[in-house]
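I opened a new page for this model.

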Amino acid sequence: MEKAETVTLLSNLVEQFEKLETTKKLDDFSDSFVERVNLRAFLDLMRYKLSDEEVASIEANLCSDSEGEAIKLVDLYLELKDHFKKNSLKREMQEAFRVFDQQRKGKLSVSFFRLVMKKYSSISDEDLDLLIMDCLEMKKLAPIEAGAEFDYVEFVNRLFELQQK
């Protein structure tokens, strides 16, 4: 396919995708596809600012059960919606921890983290200990040392990894 044809095709897909986002009528777009090789260009045209890792993850999620070279536009829409919802929640959680990070180091002490989690969540002591140990093992600090700290961004990312399993 020539470059001009690809640009025209992608422009048409962008127009369809924008209609899909507006109307939310999934059945109207069941015959529209994005070629896998054009996925990055399509997302860039849609002005989605995604890292290479995010694009690879989206592509893997959409193409994991088939070896097809095309991605249904509806599936891409639903995957992007889910992706941004998860990332929005992750950012909110990271920002909530950032409020307690008075020194702006990106870290919280384990003891302070315990206090915050006990006050603002309904997590059991046992589950909290498991989460803390899991996080500290990522930093190879187990067993818990007095004054141990951990990176709360990594912690939130780890929570979302565990949720996906």
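**Entry 1: helix α4.** I began with the buried residues of α4, which are L73, V74, L76, Y77, E79, L80, H83, N87, K90, Q94 and F97. Buried means under 20% relative accessible area, exposed means over 50%, and partly exposed lies in between, with a 1.4 Å probe and protein chains only. Helices (H or I, at least four residues) and strands (E, at least two) are DSSP runs, numbered from the N terminus.

Before going on, I noted the ground rules. This is a predicted model, where local features need pLDDT of at least 70 and side-chain atom pairs count only at pLDDT 80 or more, while totals for chains, interfaces and linings use all residues. Residues are numbered from 1 along each chain as its sequence is written, and side-chain values use heavy atoms, with hydrogens and water left out.

Next I checked the length of α4.

I then picked out E79, which lies in helix α4. E79 has a relative accessible area of 16%, so I logged it as buried. Leaving out residues up to four places away in sequence, E79 touches I58, N61 and L62. Contact here means heavy atoms within 4.5 Å.

**Entry 2: the whole protein.** I listed seven helices and four strands. From the N terminus, the order is α-β-α-α-β-α-β-α-α-β-α. Of the 165 residues, 33% are buried. The accessible surface is about 10,900 Å², and carbon and sulfur atoms hold 50% of that surface. Such areas come from the Shrake-Rupley method with a 1.4 Å probe; for residues, only the protein chains shown count as cover. Among contacts with a separation of 6 or more, 62% join residues 24 or more positions apart.

**Entry 3: the cores.** Which residues have the most contacts inside the largest nonpolar core? I found F17, F42, L43, Y48, L50, L76 and L80, in a core of 22 residues. A nonpolar core is a set of buried Ala, Val, Leu, Ile, Met, Phe, Trp, Tyr and Cys residues joined through side-chain atoms within 4.5 Å. At least two residues of this core come from each of α1 (3–23), α2 (39–45), α3 (52–63) and α4 (73–100). The largest share, five residues, is from α4. L43 is in contact with Y48, L50, V55 and L80, leaving aside neighbours within four places in sequence. Apart from this core lies another of 16 residues, including L108, V110, L128 and I132.

**Entry 4: aromatic pairs.** I counted four aromatic pairs. Rings of Phe, Tyr and Trp (its six-membered ring) pair if their centres lie within 6.5 Å; planes under 30 degrees apart are stacked, over 60 edge-to-face, and the rest tilted. The Y48 and F84 rings have centres 5.3 Å apart and planes at 25°, so this pair is stacked. Y48 sits in the loop between α2 and α3 and F84 in helix α4, 36 residues apart, so the pair links distant parts of the chain. Y48 is buried, at 15% relative accessibility. F84 is partly exposed, at 29%.

F97 and F113 form a tilted pair, with 5.6 Å centre to centre and 35° between the planes. F97 is in helix α4 and F113 in helix α5 (residues 110–120). Both F97 and F113 are buried. Ring pairs link F97, F113 and Y152 into a cluster.

Entry 5: V110, F113, V116 and M117 are buried in α5. They cover an arc of only 120° around the axis, so they are on the same side of α5. That arc is taken from the directions from the helix axis to the C-beta atoms. On the other side of α5, S111, L115 and K119 are exposed.

**Entry 6: positive phi.** Most residues other than glycine have a negative phi. R47 has a positive phi near 65°. R47 lies in the loop between α2 and α3 and is exposed, at 71% relative accessibility. R104 also has a positive phi, near 55°. R104 is in the loop between α4 and β3 (107–109) and is exposed at 58%.
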